[in-house]
Amino acid sequence: MRSFWQDIRNGIFTENPVFVMLLGMCPVLGVTTQAVNGIGMGLATTFVLLGSNLVVSLLRKVIPGEVRIPSFIVVIATFVTMVDLLMLSYLPDLHKVLGIFIPLIVVNCLILQRAEALASKNSLGRALGDALGMGIGFTLALTLLGSIREFLGFGTLFSITIIPNYIPFSIMRESTGGFITLGLLLAFFRWYSIRKQRGKQA
Amino acid sequence: MPKSLRLIFVLTIICVVSASSLSYIYNNIAGPIIEERNTEAALKILNEYLPGADDYQFVKNEETGKTMYYAAIKSGGVFGVALPTSAMGFGGPVELMVVSDSSGTITNVIVLGQTETPGYGDKIITQPEFVEQFVNMNLISDEFVINSTVDAIAGATVTSEAATKAVEKAAQFYKSNIANGGSK
């Protein structure tokens, strides 16, 4: 049986939802114009992942196979609406920026995939470890993407000016810039992991 | 219990639990805070653009309970109104607040929210000359038509159109609900 830490490491590195599994691309490209948005979106998704994995794992013997997908969707939608309401009450500025992407967490395939592939077949401990790992992996990836785009697009990092009087590379603020940055990062991580494997074989 | 009944039973229970937990959160935690924050934000704008009132009245739609407009009252009479309005722009709704005096003459148009393309449509914020065009126009007697009574921002045609349409909507509302003392 795999340990809790292995599950977490799995989510961050081996099966990183963004850089390895390429799941949930809509928020990845949509909100990562600034590093803070990446963190906010990542944490919101982590909360939903934790909640849905918890409930789905607890109910895995109760839910009949035929209605499992609608049941998972209802559970996920409940947690997403909770995040939406709580963020609107306590973090209204962040909510304004993330806007439509918060309700769209419902259709983030990462969450349904984790519920279907892992939480519905495994114990509570594993489901939570996996949710935490995937959530952290997702948050880190979004923050990295957001930092690069914010730096190139605005000349700032976490809203702190790094280059004064910066002439913005404005394509980075739009989704086009998201695609380009994501593509380059994917190429880099592929190259890195292939090189590492070759090193092992030699 | 037959299989089909079990399916219905389980799904129903899940939906009921989900709905009741959400309504608990909305009614007891989130709802009051959101309401209060909206009121506060509106009051801030009213204090800035319609100062010196004794009281601000939030005129609500009786059916939906949504605030339709804000009236500023001084010594018993309405001396100014603020109308929230919006129209579809390029990247989402362009939300405006149209502030006018009691005769319908616009004193301010404030951009409350927009999600237009950075560098193009957001000139509606960076080039305030555009919304300043509306000042001193009248909600009752003037028509708001892009490129005839209002000049569009170069490079932000769709956004300018949306803003103009939103003001026209506010004018229509003003004419049918507020003008001639009929604060219906």
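Leaving aside neighbours within four places in sequence, which residues is Phe79(A) in contact with? Two residues are in contact here if their C-beta atoms, placed from the backbone, lie within 7 Å. By that rule, and with the sequence neighbours within four places set aside, Phe79(A) is in contact with Val48(A), Gly51(A) and Ser52(A).

The structure is a predicted model, in which local features need pLDDT of at least 70 and side-chain atom pairs count only at pLDDT 80 or more, while totals for chains, interfaces and linings use all residues. Residues are numbered from 1 along each chain as its sequence is written, and chains are lettered from A and ligands numbered from 1 in the order in which they are written.

Phe79(A) also belongs to the largest nonpolar core, which has 37 residues. A nonpolar core is a set of buried Ala, Val, Leu, Ile, Met, Phe, Trp, Tyr and Cys residues joined through C-beta atoms within 7 Å. A residue is buried if 20 or more other C-beta atoms lie within 10 Å of its own, exposed if 12 or fewer, and partly exposed in between, with C-beta atoms placed from the backbone. The members that touch the most others are Ala44(A), Val48(A), Val75(A), Ile76(A), Phe79(A), Val83(A) and Ile111(A). At least two residues of this core come from each of helix 3 (35-58), helix 4 (68-90), helix 6 (109-119) and helix 7 (124-154) of chain A, and likewise from helix 1 (3-49) of chain B. Helices (H or I, at least four residues) and strands (E, at least two) are DSSP runs, numbered from the N terminus. The most is given by helix 4 of chain A, with nine residues. Another core, of 32 residues, lies apart from this one and includes Tyr69(B), Leu96(B), Leu139(B) and Ala162(B). In soluble globular proteins, nonpolar side chains tend to be buried together.

Where the two chains meet, 18 residues of chain B are in contact with 19 residues of chain A. The chain B side divides into 13 nonpolar, three polar and two charged residues; Ala, Val, Leu, Ile, Met, Phe, Trp, Tyr, Cys and Pro count as nonpolar, Asp, Glu, Lys and Arg as charged, and the others, Gly among them, as polar.

Helix 7 of chain A has 31 residues and should span 45 Å at 1.5 Å a residue, which agrees with the 43 Å between its end C-alpha atoms. The expected span is 1.5 Å times one less than the number of residues. Gly155(A), with a positive phi near 75 degrees, follows this helix.

In chain B, five strands form an open sheet in the order 1-2-3-4-5, with antiparallel pairing. Two strands pair if DSSP finds at least two bridges between them. Strand 1 (55-60) and strand 5 (106-113) of chain B each have a single partner strand, so one side of each is left without a neighbour in the sheet. From one strand to the next, the twist averages 20 degrees. Strand 4 (residues 93-101) of chain B is joined to strand 5 of chain B by six bridges, and here Val98(B) stands opposite Val109(B) and Val99(B) opposite Asn108(B). The hairpin of these two strands has four residues between them, and Gly104(B) in the turn has a positive phi of about 95 degrees. Helix 4 (residues 157-178) of chain B packs on the sheet, touching strand 3 (77-88), strand 4 and strand 5 of chain B, and its direction makes about 140 degrees with that of strand 3 of chain B. Axes are lines fitted to C-alpha atoms, for helices over the stretch in contact, and angles run from 0 to 180 degrees between N-to-C directions.

Thr64(B), in the loop between the two strands, is exposed, with 8 other C-beta atoms within 10 Å.

Leu22(A) is in the loop between helix 1 (4-14) and helix 2 (25-30) of chain A, and Asn147(B) is in the loop between helix 3 (129-132) and helix 4 of chain B. Leu22(A) is partly exposed, whereas Asn147(B) counts as exposed.
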